[in-house]
Amino acid sequence: MRLRTFVVCAFICASVPVALAVAPDGSRADDPRILQPAPVQPATEVVDPGDGSAAGRAAAAFLDGRGGSWSFRFDRRTGLVTLAQGSGVPTVPGRGNRLGAEALAGVPMPDGDLDAGALEQTVRAFLEAHGDLALPRVGTLELDAGASATRDGGRLHSLYFDWIVDGVPVERAQVFVRLVAGNVVQFGAPLVGGRVDATRPSIEADAAVRTVLDWSGDEELARVEGQPALRLQPEVDASGGLAFRLVWVVTYDLASGDESWEGRVDAVTGEVVGFRSLVVHDRARGAVYPRTVTEAEVDAPMPFVTVQTE
């Protein structure tokens, strides 16, 4: 996650509150090298458990086994839920259920804390029990320890799993499970599933770097950052289905130090399929009181704002 800190010059805001808004200035929009992959979003629709479809039958089986009141949103392209949410499935002891300490038998808690890491195997067991709703047919799931979290003194748990196919991470595809007061109340698998045609590159990493630098014309000035990374990039195919393209992702800085770029090369065909600047160009504006807090706020540009990202 990128964090931004804004420092406003004292003569602009003095000691009064300032509300800032940052918007892209579009300064890179006319660069002819820019090539943005088409955006892909989950195609969600509410499914009635009684509609007789495969998704409906999976939802009905869940309700038969777990009970309660639940709603289901599916992506028909993958056959999996993008979001299931409902009254809750008791999973670990909490204020939302009557489970006792025996429910934690076998749960690893070396520090005595029931955190997201300790819950991994319990949550995996839940997903395995409902694999027709939320598990991909190929690949594995790896816990995203950075995104997973426990909050509010252990009342809230959110676990996120990255989808990996033959060792290649699938971009923007995660399975998630959220617990409140000991109960699973939400889970889903947005952009998980679909067609994966290739996971082994025909184009070597060095060739991908040369292709990107040829495309950009930056060969003499570029400083490539590390090794290119293989990723499976989500796309919508000609039939409207969800498919994943194997790509090399190449990133580099210019010797001047003020520009960073990312290029994407189809790892099977060698075609450039994406090129973008990693530097975000923004304009900042803010609402300020002209003189005192008793006056109406006015919207004004903030040309002296310092933006720091990490």
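Student: How many of the six residues of strand β10 are buried?

Tutor: Six of the six, in this predicted model. Strand β10 covers residues 183-188. Every one of those six is buried, so the strand is largely enclosed by the rest of the structure.

Student: Which way do β5 and β10 run?

Tutor: They run antiparallel. Strand β5 spans residues 80-90, and four bridges join it to β10.

Student: Which residue in β10 is the bridge partner of A84?

Tutor: That is F187.

Student: And how many bridges are there between β9 and β10?

Tutor: Five, again in the antiparallel sense. Strand β9 takes in residues 168-180. Look for F176: it stands opposite G188 in β10.

Student: What about the hairpin of β9 and β10, how many residues sit between the strands?

Tutor: Two. In this hairpin, A181 takes a positive phi, near 55°.

Student: New topic. Where does D31 lie?

Tutor: In the loop between β2 and β3. Strand β2 is 19-24, and β3 is 44-46.

Student: Does D31 count as buried or exposed?

Tutor: Buried. Its relative accessibility is 15%, and buried means under 20%.

Student: What does the side chain of D31 reach?

Tutor: The backbone nitrogen of R33, at 2.9 Å.

Student: And how far apart are D31 and R276?

Tutor: In sequence, 245 residues. In space, D31 and R276 are 9.5 Å apart, C-alpha to C-alpha.

Technical notes. Residues numbered from 1 in each chain as written. Predicted model: local features only at pLDDT ≥ 70, side-chain atom pairs only at ≥ 80, totals over all residues. Heavy atoms only, no water. Buried < 20%, exposed > 50% of the residue type's maximum accessible area, 1.4 Å probe, protein only. Polar contact = N/O pair within 3.5 Å; in protein donor to acceptor, adjacent residues only side chain to side chain. Pairing = 2+ DSSP bridges.
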